[in-house]
Amino acid sequence: MAKISRKFWFTFPTKTQVQRPVIWEMSRKFPEVVFDIRQASVQDEIGIMAVLLEGEAEQVRGAVEYCRVAGLQVDPIEKTVIEG
Amino acid sequence: MTYVKGLKCKECGHRVPATPVHVCEQCFGPYEVEYDYEAMKGKVTRESIAAGPHSLWRYKDLLPVDVPRTGFNSGMTPLRRAPNLEKLLGCREIWIKDDSCNYPTYSYKERVVSVSISKAVEFGFDTVGCASTGNLANSTAAHAVTAGVKCFVMIPHDLEQGKVLGSLIFGPTMVRIKGNYDDVNRLCTEIADKYGWAIVNVNLRPYYTEGAKTFGFEIAEQLGWKLPQHTISPTAGGTILPKIYKGYQEFIELGLVEDNKPKMYSAQAAGCNPVVTAIHKGSDIIEPQKPNTIAKSIAIGNPADGYYVYNVIKDSGGWGESATDAEIVDAIRLLGKTEGIWTEPAGGTTLAVAIKLIQQGRIPKDESICICITGNGLKTLETVQDALPYPEVINAKLNEFDAIIDRLGETKSEPELATV
Ligand SMILES: Cc1ncc(COP(=O)(O)O)c(C=O)c1O
Ligand SMILES: [Zn+2]
């Protein structure tokens, strides 16, 4: 299996919808996936984080899926879309 | 009848049918169109191509489109020998592939947009869009008209008026967005997600990028079914360079040209050179930059396909260089004076870098060289305005005109290499 490294936007909905520490849970469930928070803006109601996930493709996919099921929105970070 | 098998992820190899998706559902890598080359053999020939229309659609068998909807006059731009540059640089064989006269909006973008919008219609979209500061917007807006679809163009709010008009004339809905570059970028990604439009270079990216192969196909065919040994191409988002190379490789695979191990070279502006920096460092990690250059059409700090440019450069044995703004302006003027072609800063960058690579000895003077000119200088008047001495005024008297001729006689000289 190939190791991959991917950047994602993690969007946290309101606190009442997700009360669990999802990122901590994810890292417990997928200890082989390295996560690195590159950017974050967390307010009362909503939070957004740029996260780099590294590991076996299978594991990274699983980690992403875990967070989605737990109620986070997880989107891949796009490169520049505005062209000349 | 097409030879398309479907889409295949460039990273993990995951396959899906040809649909409007661009990121792999498994690993978020980019999808690329996969063809059945075996089925093409003996059917896609020099003769079958030469019998096609005089446009980029002569290569339809190698493009992911059933029914072309626009671009009927796009592509098949001149490939010109450059005897004066050869003389000046002491080279045996220099060619210029000249998309400064690509129809109808004068840049290489006609190729990618023709394919992308044709595919959008095939998928049933009635609205196309893009986020662009210039060439891509011009081309998308124009081809949307021909294809009969609605068009949205997103631009940063502070874009120069000239650039806005160049798209507005074709009647798209234009939206000016406030915020810094990253904000605009982010919003455009969200728009692409939410509205279900065909954003030509985002959700249709696998089809869009295929259009750039026609730049390479044409070079090979126009050179008499041969490949140049060295090809210098600009790099912005990283579409065109790898796709010229893919075009070469497909012709080799089909036996249409001999494999002479063509080398690719990337040209970037010094004020925005994330890919060239990576090439020089020997690292495939493309670190994003904040662009600061007059070469706005190729100023992409976080290129979507930069990594693939890096790979092609490495695999082909080529290299990359950057040019300062002053070198870019000098090269624009040099191309005008030597070969009668007016290009925009992207082309100035490419020529300036070609000269550097030749002078460094990276590109041997006795081998065949192709310089890719991808845009037109009429769109970027401001970049050369200060560099060109404004003509003097005389009275309507013959003796005053004579005086000018006398002075010219004293100073007339051959074009020089300001970049030496
Ligand atoms: C004139 C011109 N040349 C070259 C490019 C290079 O583009 P890319 O590397 O994204 O294919 C662009 C893209 O915006 C352009 O407008
Ligand atoms: Zn994949």
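Q: How many bridges join strand β10 of chain B to β11(B)?
A: This is a predicted model, in which local features need pLDDT of at least 70, side-chain atom pairs count only at pLDDT 80 or more, and totals for chains, interfaces and linings use all residues. Residues are numbered from 1 along each chain as its sequence is written, while chains are lettered from A and ligands numbered from 1 in the order in which they are written. Strands (E, at least two residues) and helices (H or I, at least four) are DSSP runs numbered from the N terminus. Strand β10 (residues 230-234) of chain B runs parallel to β11(B), and the number of bridges joining them is five.

Q: Which residue in β11(B) stands opposite B:H230?
A: B:H230 belongs to strand β10 (residues 230-234) of chain B. Its opposite in β11(B) is B:K263.

Q: Which are the edge strands of the open sheet of chain B?
A: The sheet has six strands in the order β4-β5-β13-β10-β11-β12, with mixed pairing. Two strands pair if DSSP finds at least two bridges between them. Each edge strand pairs on one side only, and these strands are β4 (79-81) and β12.

Q: What angle does the direction of α11(B) make with that of β12(B)?
A: Helix α11(B) packs on the sheet and touches β11 and β12 of chain B. Axes are lines fitted to C-alpha atoms, for helices over the stretch in contact (C-beta atoms, placed from the backbone, within 7 Å).

Q: Which residues of helix α11 of chain B are buried?
A: A residue is buried if 20 or more other C-beta atoms, placed from the backbone, lie within 10 Å of its own. The cover over the buried residues of α11(B) includes β11 (263-269), α12 (306-316) and β12 (319-323) of chain B. In α11 (residues 274-281), the buried residues are B:P274, B:V275, B:V276, B:A278 and B:I279.

Q: Why does ligand 1 lie between two domains of chain B, and which are they?
A: Ligand 1 also lies between chains A and B. Of the 20 residues around it (C-beta atom within 6 Å), those that come nearest are A:G84, B:G237, B:T239, B:T374 and B:G375. The ligand lies between two domains because both give residues to its shell: domain 1 (79-105 + 212-384) and domain 2 (109-204).

Q: How many residues of chain B are in contact with chain A?
A: On the side of chain A that touches chain B, β1 (3-12) and α2 (57-69) each supply at least two residues. Chain A has 13 residues in contact with chain B, and the number in chain B is 29.

Methods
A residue is buried if 20 or more other C-beta atoms lie within 10 Å of its own, exposed if 12 or fewer, and partly exposed in between; C-beta atoms are placed from the backbone. Two residues are in contact if their C-beta atoms, placed from the backbone, lie within 7 Å. Domain bounds come from an automatic or database domain assignment. Axes are lines fitted to C-alpha atoms, for helices over the stretch in contact, and angles run from 0 to 180 degrees between N-to-C directions.
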